[in-house]
There are 2 protein chains.
Amino acid sequence: MTLKNDLYLRALRGETLERPPVWMMRQAGRYLPEFMALRKKYGFFTRCQTPELAAEITMQPLKRFPLDAAILFSDILVVPQAMGIDFKMKESVGPWLEIPIRTEKQIEEIRLPEVEISLDYVFRAIEITMEKLEKRVPLIGFAGSPWTIFCYCVEGKGSKTFDIAKSFCFGNPNLAKRLLQKITDTTINYLKAKVKSGVSAVQLFDSWGGLLSPEDYHEFSWPYIDQILEQLSPLTHTVVFGKGCWFALEKMAESKATALGIDWTINPELARTLTKNRKVLQGNFDPARLHSPPKVITKMVDEMIRRFGKDKYIVNLGHGILPNTPLKNATTFIEAVVNWRI
Amino acid sequence: MTLKNDLYLRALRGETLERPPVWMMRQAGRYLPEFMALRKKYGFFTRCQTPELAAEITMQPLKRFPLDAAILFSDILVVPQAMGIDFKMKESVGPWLEIPIRTEKQIEEIRLPEVEISLDYVFRAIEITMEKLEKRVPLIGFAGSPWTIFCYCVEGKGSKTFDIAKSFCFGNPNLAKRLLQKITDTTINYLKAKVKSGVSAVQLFDSWGGLLSPEDYHEFSWPYIDQILEQLSPLTHTVVFGKGCWFALEKMAESKATALGIDWTINPELARTLTKNRKVLQGNFDPARLHSPPKVITKMVDEMIRRFGKDKYIVNLGHGILPNTPLKNATTFIEAVVNWRI
């Protein structure tokens with residue numbers, strides 16, 4: 001497969017480039033009026049579970065901006081849904097599980113799904129998106145980290161601190177690990193099937209890893225991510241984005257991950273030092289900084305690229321783009337990268 | 001004033017001790033049945049604003065546990081309230097501001113209050129508490145950091161990410177700084193009056209500093225904390241607790257703060273290295289870890305003290321104790337410190 005723009009893949013391979021590639025986490029999202037139009041018509045999981053819609057949403061930002069990668073529109077909670085854990089999207093609450101997972105019996109009863117069947121809609125969305133992309137840029141697939149999925153399953157909803165999930169974990173570590181392992185096994189099968197369907201890389205979102213101490217992270221989050229990396233890295237490029245997980249970067253740099261995503265609380269120099277310059281890094285513009293005046297954004301992007309270095313680097317935000325981001329400022333951010341020269 | 005137990009103050013002075021002192025953030029809080037009983041009868045700000053109630057609540061954990069310090073029951077939002085910013089506590093929402101501060105006119109109109117008058121109830125609560133304490137242990141006073149107060153004022157309520165507050169700040173940095181300065185000036189007056197009323201130390205809570213990049217932290221949070229330290233450190237011991245602010249520890253270690261509070265995402269050795277062992281450190285047990293079996297808690301506390309070292313160290317949690325913490329486990333935590341020996 002020859003891509004018209006393979007900058008993202010060349011960055012992942014560590015090649016010497018004119019400029020780094022750029023994409024934005026949640027680039028197909030609520031800051032786009034065309035996304036909001038679809039959002040009025042279809043519920044959240046309908047958008048995820050209807051391949052034509054997921055593909056259309058995936059393409060929306062690509063039509064507007066000169067992005068170097070597409071990422072399949074989906075949600076990390078489709079994995080527990082496939083495991084029979086019945087997440088809903090509740091108005092003004094977010095993800096919602098009527099009966100959170102908190103007993104041995106519930107964990108025991110969870111069966112590993114045939115992902116090819118129960119997540120069939122994702123693989124069909126990939127195929128449709130690949131056609132629409134016409135080899136313009138690579139397509140990224142993603143999944144939540146087992147710890148992050150665990151947090152939602154036990155808490156039953158979003159949370160600032162996921163205290164219930166953490167408390168459950170610390171009070172019942174062995175039981176917690178059985179659930180974590182089931183999520184891990186499902187995620188491995190899911191991501192393998194995504195690769196088979198045509199994605200060029202997979203990214204793991206450990207959105208809640210940063211709520212753990214370094215010791216607990218290495219007990220309850222990292223070993224499961226590492227299992228996924230062991231299985232997936234021989235098949236495709238793997239990217240681990242751990243929000244707030246600066247303390248695990250040294251360990252992550254020893255893994256089979258191709259690239260590591262970081263947030264804006266860690267500066268480029270320290271991230272390079274901690275990863276011993278072994279890994280491609282991705283990040284780390286504070287999404288709220290897209291509210292700066294455009295001139296400031298351009299200057300900050302320029303400085304960010306200089307500090308990370310143009311190679312082994314993928315420009316991105318340090319978390320998902322915010323719903324109220326001015327389109328003009330998103331354009332400024334992307335163009336600052338596209339027009340960047342030494 | 002001779003205290004019966006001055007371990008906390010001796011730790012702040014860097015003296016050689018048999019064991020470190022211990023107290024817990026939010027030790028007068030929702031995990032205590034006696035607190036919950038009062039909570040049923042009185043609204044949140046009534047509890048803060050009635051000196052007898054605030055003093056009684058402050059004393060509750062002292063009656064139950066062998067703690068080495070008391071901290072005055074209050075709230076960081078009493079400062080903006082004194083500035084005429086009308087925070088309410090809304091059922092199942094938390095802090096709530098009907099009209100968030102988002103315009104130049106609003107910021108312009110804020111007048112610096114006479115804290116001795118508008119926060120009189122706090123100083124009377126300190127006096128009553130001092131009597132009740134009978135010189136048993138020192139009393140700590142506290143305030144929010146200007147950045148953290150700013151976040152609530154602009155966002156108008158609690159938030160995971162305070163995107164609105166941050167976006168306002170990045171879009172209108174000069175206006176934001178005018179509000180930050182007004183909060184700072186008020187906080188300095190407030191803390192000076194607290195010291196005059198008898199507290200032995202003041203702690204600043206920068207609960208949302210960790211949402212900023214290191215550069216933005218040093219522009220929007222640290223300079224205001226530093227102003228407070230410059231004014232207060234000649235008068236009393238000062239402690240800065242910056243949740244998620246590991247990246248600022250080096251800078252903080254150069255300040256006039258007596259001690260630095262840290263959360264559990266940074267390990268003791270790194271905290272000591274970053275602060276060049278110049279400062280007393282306070283923390284950093286993950287409150288959710290109080291759901292571990294008691295044996296595990298005792299072992300973890302022992303290890304934590306060994307890693308921080310028994311001197312220049314105050315044992316605490318890395319954030320407030322959680323509402324659903326078993327009393328038995330809180331007892332285990334405190335006793336593990338009290339009984340600790342080399």
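Predicted model: local features only at pLDDT ≥ 70, side-chain atom pairs only at ≥ 80, totals over all residues.
User: Why is the pair Arg289(B) and Asp216(A) called a salt bridge?

Analyst: The closest N and O atoms of Arg289(B) and Asp216(A) are 2.6 Å apart. A salt bridge requires a side-chain nitrogen of Lys or Arg within 4 Å of a carboxyl oxygen of Asp or Glu. The pair therefore meets the rule. Across the interface of chain A and chain B, 6 salt bridges are found.

User: What makes the relation of chain A to chain B that of a two-fold axis?

Analyst: Chain A is superposed on chain B by a rotation of 180 degrees, with 0.0 Å of shift along the axis and an RMSD of 0.0 Å. This is why the relation is that of a two-fold axis. In chain A, the C-alpha nearest the axis belongs to Lys160(A), at 2.7 Å.

User: How do you know that the same surface serves both copies?

Analyst: Of the contact residues of chain A, 100% recur in chain B. The contact takes 32 residues from chain A and 32 residues from chain B.

User: What area is buried between chain A and chain B?

Analyst: The buried area is about 2,600 Å², and carbon and sulfur atoms give 55% of it.

Methods:
Residues numbered from 1 in each chain as written. Chains lettered and ligands numbered in written order. Heavy atoms only, no water. Least-squares fit on C-alpha atoms with pLDDT ≥ 70 in both. Contact = heavy atoms within 4.5 Å. Buried area = accessible area lost by both parts, 1.4 Å probe.
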